[in-house]
Structure formats: structure tokens, C-alpha cells
Amino acid sequence: MSSHHESILREPLITGKNITYAKITDDVLMPVENKPNKAWWIGFIVAAMGACLWLFAVSYTFWNGIGAWGLNKTVGWAWDITGFVWWVGIGHAGTLISAVLLLFRQNWRNSINRSAEAMTIFAVICAATYVVSHMGRPWLAYWPLPLPNQFGSLWVNFNSPLVWDVFAISTYFSVSLVFWYVGLLPDIAAIRDRATGLRRRIYSILSFGWNGSVKTWQRFETVSLILAGVATPLVLSVHTIVSMDFATSLEPGWHTTIFPPYFVAGAIFSGFAMVQTLLLVTRKVLGLENYITMFHIESMNKIIVLTGSIVGVAYLSEFFIAWYSGVEYEQYTFLHRFTGPYWWAGSMMYGCNVLMPQLFWFKKIRTNIAISWCLSIVVNIGMWFERFVIIVLSLNRDYLPSSWAMFYPTWVDISIFVGSIGLFFTLFLLFIRVLPSVAMAEVRLLVKTSSEQSKKKLLDEGKVKNEEAEYYVESLEKFDSVQQADYVKI
Amino acid sequence: MSSIKYILGLFEDPDEMMHGIDKLQENNISIYDVFTPMPIHGIDKKLGVKRSRLDIVAFICGITGTLTGFSMIYFMLVMDWPMNIGGKPNFAIPDFIPITFELTVLFCAFGMVAAFFFRNHLFPGRAPRVMELRATADRFVIAIDANKGFDPSKVDNLLKEAGAVEIKHNDRKYVSYE
């Protein structure tokens, strides 16, 4: 199979000359086998300070109760649930890349799936910490589980979306972890077989004794495919259930049937933006330009503009239904997003999520790394405001004007949010130091079929039709990692 | 008999390795195993390795999860402690679906991966049984059991003809033990 050439019309998934199996291993394991550089230390120290802030703020919350937050009797959910939904949403891209793109046989996922999955796991950890701290009494965190208890087993209410959420998030986290770790085994074994001494012992334990025999690989492939098959509906179900936390209430702005697909699209949207934010930096710092190419960046930008537009259509349907329903509370909620005291949050939501990503229709912008990175941050900000708008703006002015109130975050709210970003980056930076950030085994599959050098060989041998060769060379122009001079003579 | 236990043919290129397998099979030399740094499609058919039955395991585990989830909720909400929630029916099947689904996925994933680890003897701390250290990085390795009575020089020649970059005569099975 490995000798089958892919159509020349497809853009290469690996660029660079002399990419051998050995070089892939060396390139990917470079950060794992060497001492970290200055950029990593600076990033790590800043992130670790954020994580410490998070630890302090969460401990403060546990000690004093959630009265430490800016919540009041009108706005009972604010930054906590905003942060929770934001992080869960970000987590979705990892599973989407690793599972859905695997089912669709999108080979460009091979070089980004590992770090995207790691990102999923860390994002879900951040989300889970929000849930636990929002409980107020986290030592009672086992209450939503159906355990026999002192009331002669009064069970939990399985009709409640909050209980569904407990099952959905914990299943999602554990299945993602398993999926990620099974994929890591061959790569950990590669580190093990190159290492010596204590490192070898540690990676030996982590590798579970992987040896890469025929039967192991055969079962590995089956397991990956089936895990992808079950993870795909799982990831859709998770954000559907998160959206039902809101949609099954009777709150104007929440009580909306479009919420499940709208939340899922938003989750993919924000998740890809976060993958873009991380990978554009990672590829530069770790020197992975040949593996995470302009094609990958452009593809992700295309998904961002697609899902951003789906989110835009969902926003429009919400407006239409609010007007069409004739319910004045519902109508007020949506007007309030532009005319109320939180008009700036509403503008951030619609501006960052719907208008800004439309710039990605332009190829110049899609293939510009600096602009792509800035826009990915804009999307992240926009998606945070989306959750803030949905949660706080629906609560702060609902039915009774006498109980209308504003929400003001305290330093604890802000510290937990900023700190959770620090926690996320601490985990991610540790990950790229100790584990291979690119799935080597899967990238090796591309060397003989879809790498730049294999296609160049075909060109040099004159096995390609002229017009196809021209088309291919033209498509290479956007790549920053391709030596354009090599293609002038063709 | 010499002390050689295994003959290893190391290839740089997966296609040449596949060619090597053909060569050996033409000469009726049985292959002990093949170790590769990436999955090779079609190799299982060539070596006569039976298809994996993990998909059946996955289905059985998944359906167990479905039944567990549904019957658990049924027992708790309908039989053991029915609650009057606004006069609505206790046996509200649509409300049972999300958790039933989640448990299906959970059981399927964990059951299948556990079966995979069990069958391939993968568990944390297991001593790696590796015949060639580069087989996880950049070498595609065909291993031949030397005690099966094949002429070692003939095996060597066949491997070399197919394009092996290195041939090793190992006097112990696993090189990974210290």
C-alpha cells in the first residue's frame, strides 16, 4: 500500500527534502530528547504562575464558598459556567480531528491529531475543575452519582440534563484519554528504544511493552477505527447535552430548540481556533514547519470559516424565532443584547464570531500566519463572550424588572479564569516536553504517498501530465516551507 | 547447530520489506514475525494473519453498556423509588437515552481497549520484548526463527536480494533485556 502514489493534484502533506523515516523520528523527538530552550522556559514560568494563581483562587473559593464570586440572587450563573462551557467547547476540536477526520480518511489529520487530542484532554480538565469548584462543597461531588445513600436509596433524577452532563463529560474525558494514550503507545516505544538509563525505564513502563509486531499493529488499527467510530457520536452528544443544561429551562434566551446543533458547531469553531492558536506557535518553536504545513493551516482556517458561518446562521434563526414567537420576554432578551447595559458583550459576540472569521474567505488571509493567529485569538475571545452573553444576559433581565441586576466579577472570578488558562498552558507545555507532539507512526505513513519529495520525484521522472504539473506547482506557492526555487525550471 | 537464534533482515523501505516477505515465502521459509514502526496495510493477509475479532468484542461490550444503562435507570426511577414529577410518567424513555448512550460508548471503548491490551500483553511495566531497537523508529524488520532448520546463508542472500540494508544473527531472542 505504501507504494501507491497519491494524485499529483493533491497538495503535499509533508514538505522538505530528504524526509526519511529516521529524520521524522529525529525531528519529532528533538524537543523530547534535548534540554528545553529559553522560549520554553519563559512560557512555562508564565504559565506556571497562572496555574499557581488558579490554585490560590480555587482554594480561596473552597475555603470561603462561592460567595467569593460576584454572583447574586438574579445572576446565579456567570463566569463559572461561561468558563466551563468555553473549555468544554475548546476540547471538541481534538476529538473532531482525531475521530471524525479519521473516519473521513483525511490524512492531513495525521500530523496535528496528537497535539489536538492532548489539548482536548487539558481543556476538559480545566472544564471539570470549574464544575467541581462551582459545586461550592466539592467534597460532596459524588452526589450526582447514582449511589445508595442514607435515604434508603433515593436515586438521582435521571430526567435532569445536569445528571446527563455528569455522565457525558466523564465518559468524554475518559474515552478521549484512552484514545489518546492508545495512539501514543508506538511513539512512546520509539522514545524508549532510543533512550538509556532512567529515561528508558520510565518510557518502558509508559510504553506498556509495545513491540510493533504484525498482530499488534493489526489490532491497533481496528481499535483506532472503532474508537473513532464511537467517539464521533460521543463528541456530538457531549455538547448537545451541555446545551440542554440551558435549553430545557424556561428562561428566555435559553429555552431554544436550536441549541444542540448550534452549540456543537460553536464548539468545533472555538476548538479549531484554539488548535490554530497553539499549533502556529508550536510549529515555529519546535521547528515542525515540514509536518504542519500551510496546507494544514489553510484547511483549519476553512473549517473555522465554515463553522463560524454555521454559528452565524444559528444566531439569525434565534433572532427570527424570537420575533416570530411573539413572546415579548424572548424578544426583549435578544434586543437587550444590543441595547442593554451589556451591549458591548453582545457586540463582541456577534463581531468576533460571525463577522471577523469571514475574512478567511480571502486566500491571502487564510495563508497568512500572523493574521491567522490573531484571528484565532479573536475567535476564542468571541466564543467566550458568546457563552457570557447566553448565560448572564439571559439571567440579568428576565421576567421581573424589580429583580433585574448586573453582574460584576470579583478578583476571584477573574483569577480562576486567568488561572485556568495558565493551568492549560502548563499542561500543554509539559506535554510537548515529555511526549511526542506529532504522531510519528501516522506521519510515517505519508512519506511515500503524499510528501513533497515523492511528488517531486514523479515530476522529475516526467510521469505527470504537463497541465497537472503546472497546477501542482501553482498550489505550492503558498507553502512557506517549500523551496520555491526548486520548481522554477519545471 | 550454531548459537544463532533469530535471523533479522532490516529494511529501510516498507515496499522492499514486502518484497522480501514474498521472496522468503517463495522459498518456503517461514517468517516468525515482522516488526515495523508504522502499520503496513496488506501485510496481515500476506502473512496469513487472521482478521482481528476486536470488533465483535467492541459490539458485545457496547450492547452490555446499553443494557446496563437502560436497566439501571429503569430500576432506579421506575421500580425502586418512583417519584411523582408533575404527574409525568416515571417510565420516560426519551430521558433515558442520553445516559444509556454514554454508557454504551464507555463500555465499548474500555472493553475493547482492555481486550486489546490483554490479548497483546500490553500493560504498564511489562518488559518490552523487542528484537531490534530500531524497529520502532526507522527499520522494517523481518524475523526468521533460525532453529527451524533453514540454511542461514540462503536466508541472508534472499534478504539481501530483496534490499535489506543490514542482516543480524542474534544469539538471543530479545535485545531489550539488560
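Me: Which residues does Val275(A) touch, leaving aside its neighbours within four places in sequence?
Reply: In this predicted model, Val275(A) is in contact with Ala93(A), Ile112(A), Ala116(A), Met119(A) and Met300(A), once neighbours within four places in sequence are set aside.

Me: And which residues touch the most other members of the largest nonpolar core?
Reply: Val275(A), Met112(B) and Val141(B) do, in a core of 195 residues. Helix α5 of chain A, residues 161–194, gives the most to this core, with 17 residues.

Me: How do helices α3 and α8 of chain A pack?
Reply: Helix α3(A), residues 79–103, and helix α8(A), residues 259–285, pack at an angle of about 80°, and their axes are 6 Å apart. Angles of 65 to 115 degrees count as roughly perpendicular, so α3(A) is roughly perpendicular to α8(A).

Me: Which residues make that contact?
Reply: From α3(A) come Gly89(A), Ile90(A), Gly91(A), His92(A), Ala93(A), Gly94(A) and Leu96(A). From α8(A) come Gly266(A), Ala267(A), Ile268(A), Ser270(A), Gly271(A), Phe272(A), Met274(A) and Val275(A). By class, the contact has 8 nonpolar, 7 polar and no charged residues.

Me: Val275(A) is there again. What about Asn353(A): where is that found?
Reply: Asn353(A) is found in helix α11 of chain A, residues 343–355. In space, the C-alpha atom of Asn353(A) is 9.1 Å from that of Ser270(A), although the two are 83 residues apart in sequence. Ser270(A) is one of the α8(A) residues in the contact with α3(A).

Me: Is Asn353(A) buried or exposed?
Reply: Asn353(A) counts as buried because it has 26 C-beta neighbours inside 10 Å. Not counting residues up to four places away in sequence, Asn353(A) touches Gly308(A), Val311(A), Val379(A), Gly382(A), Met383(A) and Glu386(A).

Me: New topic: Ile432(A). Which helix is Ile432(A) found in?
Reply: Ile432(A) is found in helix α14 of chain A, which covers residues 411–434. With 22 C-beta neighbours inside 10 Å, Ile432(A) counts as buried.

Me: What does Ile432(A) touch, not counting residues up to four places away in sequence?
Reply: Ile432(A) touches Pro31(A), Thr282(A), Leu286(A) and Ser437(A). The C-alpha atoms of Ile432(A) and Trp40(A) are separated by 9.7 Å, while the two residues are 392 residues apart along the chain.

Me: How is chain A split into domains?
Reply: The domain assignment gives domain 1 as 1–19 + 451–490 and domain 2 as 23–143 + 156–448. Their centres, taken over C-alpha atoms, are separated by 35 Å.

Me: How many residues does each domain of chain A put into the contact?
Reply: Domain 1 of chain A gives 15 residues and domain 2 of chain A gives 15 residues. By class, the side of domain 1 that touches domain 2 has 4 nonpolar, 8 polar and 3 charged residues.

Me: Which value does phi of Asn18(A) take?
Reply: Phi of Asn18(A) is near 55°, a positive value in a residue other than glycine. Asn18(A) is found in the segment before α1 of chain A, residues 21–33. Asn18(A) is exposed, as there are 7 other C-beta atoms within 10 Å.

Me: What about phi of Phe208(A)?
Reply: Phi of Phe208(A) is near 60°, again a positive value in a residue other than glycine. Phe208(A) is found in the loop between α6 (197–206) and α7 (214–247) of chain A. With 21 C-beta neighbours inside 10 Å, Phe208(A) counts as buried.

Me: Now chain B. How many of its residues are in contact with chain A?
Reply: 60 residues of chain B are in contact with 55 residues of chain A. On the chain B side, α1 (14–26), β2 (33–35), α2 (43–46), α3 (54–80) and α4 (93–119) each supply at least two residues. The largest share, 16 residues, comes from α4(B).

Me: And what classes of residue are on that side of chain B?
Reply: The side of chain B that touches chain A has 41 nonpolar, 8 polar and 11 charged residues.

Me: How is chain B divided?
Reply: Chain B is divided into domain 1 (6–49 + 127–170) and domain 2 (54–119). The C-alpha centres of these two domains of chain B lie 46 Å apart.

Me: Last one: is Ile56(B) buried or exposed?
Reply: Ile56(B) is exposed, with 11 other C-beta atoms within 10 Å. Ile56(B) lies in helix α3 of chain B, and its C-alpha atom is separated by 9.0 Å from that of Met112(B), 56 residues apart along the chain.

Methods. Residues numbered from 1 in each chain as written. Chains lettered and ligands numbered in written order. Predicted model: local features only at pLDDT ≥ 70, side-chain atom pairs only at ≥ 80, totals over all residues. Axes fitted to C-alpha atoms, helices over the stretch in contact; angles between N-to-C directions. Helix = DSSP H or I, 4+ residues; strand = E, 2+ residues; numbered from the N terminus. Parallel < 35°, antiparallel > 145°, perpendicular 65-115°, else oblique. Contact = placed C-beta atoms within 7 Å. Nonpolar A, V, L, I, M, F, W, Y, C, P; charged D, E, K, R; others polar. Domains from an automatic or database assignment. Core = buried A, V, L, I, M, F, W, Y, C linked by C-beta atoms within 7 Å. Buried ≥ 20, exposed ≤ 12 C-beta atoms within 10 Å, placed from the backbone.
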